Structure formats: structure tokens, C-alpha cells
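Here is a quick walk through one model, written for someone who likes to know the cut-offs behind each term. Have the viewer open while you read.

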Amino acid sequence: MAYTIAQVRVAVLALLDDVSAARYTSAQIDQAARTALIDYDIFKPVIRTYAFETDGNKMMELPTSFATTAILRIEEYNSDPDLVVDLRYRAKMIDEQWVINIEDTQYAAGVTLTIYYLAPNTVDGLDSAAGTTVLDTSLFCQGCAGYAAQSRAVSRAESINLQASVMAQLLQLSQKYLTAYMAGLRNRPAEANYYPMSMPEVRF
């Protein structure tokens, strides 16, 4: 079941034994979710495709709205899957805009290329995201709980009303949840679950 951010907040508060939200605010849990998503992106990235129409140039600029941390693969589109061709390419970011260069050929304008790229995971309702891509919801909530407890421990440490025993308990709880979270993420390598079977050499 894919959770919305509202459901994540409820689950995380339960893990932190704060169902009445007396100690943790929604803003704190949302920030913890953003941090947990960074880890989730590393181990379980989302791979999307983008249809790009060539413009006749050797060096082709992708739209400024195209955002990713990595381009993984480029194919020449064909309606017959057996005739799809993997292309050798170079891809780099210049002045905050992706530029691709298909090696060994220069396409005329109007040829459709399929670009595989990394996209961030999202939780529905968090930062206006529409839809949740996080699959392991219970595991993800443990990560959120760990980061929320860690943040509160730091806040306690900086408070003039320092309570060392409470801070130690929070750090222990944080370590418990974050250890379980990272172990769960590592149990299923991203390469085995998400990446295409064959990948071209990406050179810059």
C-alpha cells in the first residue's frame, strides 16, 4: 500500500510513541521524510523514460524542464521492440541544461529517441508531489522515525534545558530505526530491481 504524507506522519508518530503529536510536529516529520528519501533514491531509484525528438544537430540540448541526476540509456525508438537500437552517447550538463551527443551518427530532425533517466522518489502530498513511488512503506517510515528522533536529539543537545538521559534515549531510538532502515535498503540492491538489463558505456 502506497502511503500519502498524512499516512506517513501517523505511522511515524506511532513508531515514536507520540500518537497525539505532543513532541513532534508535521514539519519535523516532513523534513525527516525528505532526508529518508535521499537514502531511498540511492538504493531504490526511480527510472523513467523521456521521448525526445532530434533537431538535426550533432549536439542536442534537452529542454530546460528536463531534470535528472543521471541519464542511463538512450535508444532509437521503433514501434517494433525487436528493432529498437541502443545508442552510444555522451551526456553532460552545461549551464544547467543537459546536452547529448549521439556517437557515430548525426540524426536528421524528427527522429524520436527514448531517454532513460533517474528521477527522485516521491511521497504523495510531500512538497506538492502527486503520487507515491516508495514501495516499502513500513521500512520507509522507520527511516523517517530515525531521522526525526535524531533531529530532536540534536535540538535537545543545543537546548539550555539539557537532559542528557533523554538525549541518549533519543539517539538510541534513532540508531535503532536508522540501522533497520539502511539494512532493509541494502537487502535489495537497486541494480537487481530497477536498472535495465543492458547499459551502454557513458562517457564524458
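## Ground rules

This is a predicted model, so local features need pLDDT of at least 70 and side-chain atom pairs count only at pLDDT 80 or more, while totals for chains, interfaces and linings use all residues. Residues are numbered from 1 along each chain as its sequence is written, and side-chain values use heavy atoms, with hydrogens and water left out.

## The sheet

Strands here are DSSP runs of E with at least two residues, helices are runs of H or I with at least four, and both are numbered from the N terminus. Four strands make an open sheet in the order β1-β7-β3-β4, and the pairing is antiparallel. The edges belong to β1 (46–53) and β4 (85–86); each has a single partner strand, so one side of each lacks a neighbour in the sheet.

Pairing takes at least two DSSP bridges between two strands. β1 and β7 run antiparallel and are joined by eight bridges.

## Pocket and cavity

Both kinds of space come from a 1 Å grid over the protein atoms alone: in a cavity a 1.4 Å probe fits but cannot get out, whereas a pocket is an open set of points with protein on both sides within 12 Å along at least five of seven lines. Lining residues have an atom within 4 Å of a point. Grid points are joined across faces, edges and corners, and a volume is the space filled by probe spheres set on the points.

The largest pocket holds about 170 Å³. Its lining has 10 residues, and D41, T69, L118, A119 and P120 lie nearest the centre. At least two lining residues come from each of α2 (26–43) and β7 (112–119). By type, the lining of this pocket splits into seven nonpolar, two polar and one charged. In that scheme Ala, Val, Leu, Ile, Met, Phe, Trp, Tyr, Cys and Pro are nonpolar, Asp, Glu, Lys and Arg are charged, and the others, Gly among them, are polar.

The largest cavity comes out at about 30 Å³, and its lining is Y3, V8, V123, T132, V134, T137 and F140. That makes five nonpolar, two polar and no charged residues.

## Cysteines

No disulfides turn up anywhere in the structure, the test being two cysteine sulfur atoms within 2.5 Å. For C141, the closest cysteine sulfur is that of C144, 5.7 Å away and too far for a bond. Buried means under 20% relative accessible area, exposed over 50% and partly exposed in between (1.4 Å probe, protein chains only). C141 is buried at 3%, and C144 is buried at 0%.

## Two positive phi angles

D17 isn't a glycine, yet its phi is positive, near 55°. This residue sits in the loop between α1 (5–15) and α2 and is exposed at 63%. S128 also has a positive phi, about 65°, without being a glycine. Look for S128 in the loop between β7 and α3 (137–158), where it is exposed at 73%.

## Helix α4

The 23 residues of α4 (residues 164–186) should span 33 Å at 1.5 Å a residue, and the end C-alpha atoms are 32 Å apart, which agrees. The expected span is 1.5 Å times one less than the number of residues. Buried residues of α4 include L170, S174, Y177, L178 and Y181. An α-helix has 3.6 residues a turn, so residues three or four places apart point the same way.
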